[in-house]
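User: Can you walk me through reading strands and surfaces in a protein model? I'm new to this.

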Amino acid sequence: MNLWANGVGGIAAAAFTLPALGFAIAPIFKREPWSWQAIGTPDDFTDATYETKVITLTPGIGEAGNSIAYVRKRNPAIDTEPEDQYNHYVALSSRCMHLGCPVRFVAAAERFICPCHGGVYDFRGMVAGGPPVRPLDRFYTRLNNGLVEIGPRYSVNDELQRFSPRLPGEPLNGIGQYLYPAQFDTSKKP
Ligand code: FES
């Protein structure tokens with residue numbers, strides 16, 4: 001009888017805790033689909049301002065799967081992070097790194113402004129004010145068959161070191177990179 005009661009109690013407890021546990025750890029195993037997407041020719045971009053490009057983040061669900069990327073040519077005078085084949089074009093995510101609202105590039109001010117809580121980012125996407133906890137996420141870019149292509153998203157810290165994609169609100173400076181570990185992801189990245 002005691003054993004039966006314990007068994008029923010255990011099942012009841014599991015019924016409550018397992019869904020919550022699954023909800024908590026599911027994002028760790030979530031994989032972001034990605035593919036290289038052509039966004040124009042090199043002549044479409046300058047290093048003086050950003051072009052707005054619509055890209056598909058989640059295929060198969062129509063406009064809901066689209067997002068905005070802000071893209072410009074790399075400018076060695078201000079883009080001091082190490083150059084490689086994936087950053088000849090700087091592509092910034094429009095997702096605010098506070099809570100994820102879409103930011104807007106204001107060309108006259110050379111700033112990205114978030115309408116939700118006043119987050120401000122400078123021309124390079126670095127935090128210039130407000131509550132965002134890290135710079136705007138970026139996308140790998142490459143030149144392929146004469147076209148500029150945009151690839152998977154990655155996150156950066158204040159030194160513009162690359163990290164696998166993190167969620168808004170997850171800082172990557174100092175101890176932050178250990179407190180918010182990478183999502184489990186086996187997809188091949190550049
Ligand atoms: S979501 Fe952008 S400042 Fe809060």
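This is a predicted model: local features need pLDDT of at least 70, side-chain atom pairs count only at pLDDT 80 or more; totals for chains, interfaces and linings use all residues.

User: How many bridges join strand S9 to S10?

Analyst: In general, strands of a sheet pair through backbone hydrogen bonds, either parallel or antiparallel. Strands here are DSSP runs (E, at least two residues; helices are H or I, at least four), numbered from the N terminus, and two strands pair if DSSP finds at least two bridges between them. S9 (residues 138-144) and S10 run antiparallel, joined by six bridges. Arginine 138, for example, sits opposite tyrosine 154 in S10. In the two-residue link of this hairpin, asparagine 145 has a positive phi near 50°.

User: Is S10 mostly covered or uncovered?

Analyst: Buried means under 20% relative accessible area, exposed over 50%, and partly exposed in between (1.4 Å probe, protein chains only). Strand S10 (residues 147-156) is mostly covered, with nine of its 10 residues buried. S10 also pairs antiparallel with strand S1 (residues 37-40) over three bridges, where glutamine 37 partners isoleucine 150.

User: And which strands stand at the edges of the open sheet?

Analyst: That sheet has four strands in the order S5-S6-S7-S8, paired antiparallel. Strands S5 (104-106) and S8 (127-129) are at the edges, each with a single partner strand, so one side of each lacks a neighbour in the sheet.

Notes
Residues are numbered from 1 along each chain as its sequence is written. Side-chain values use heavy atoms; hydrogens and water are left out.
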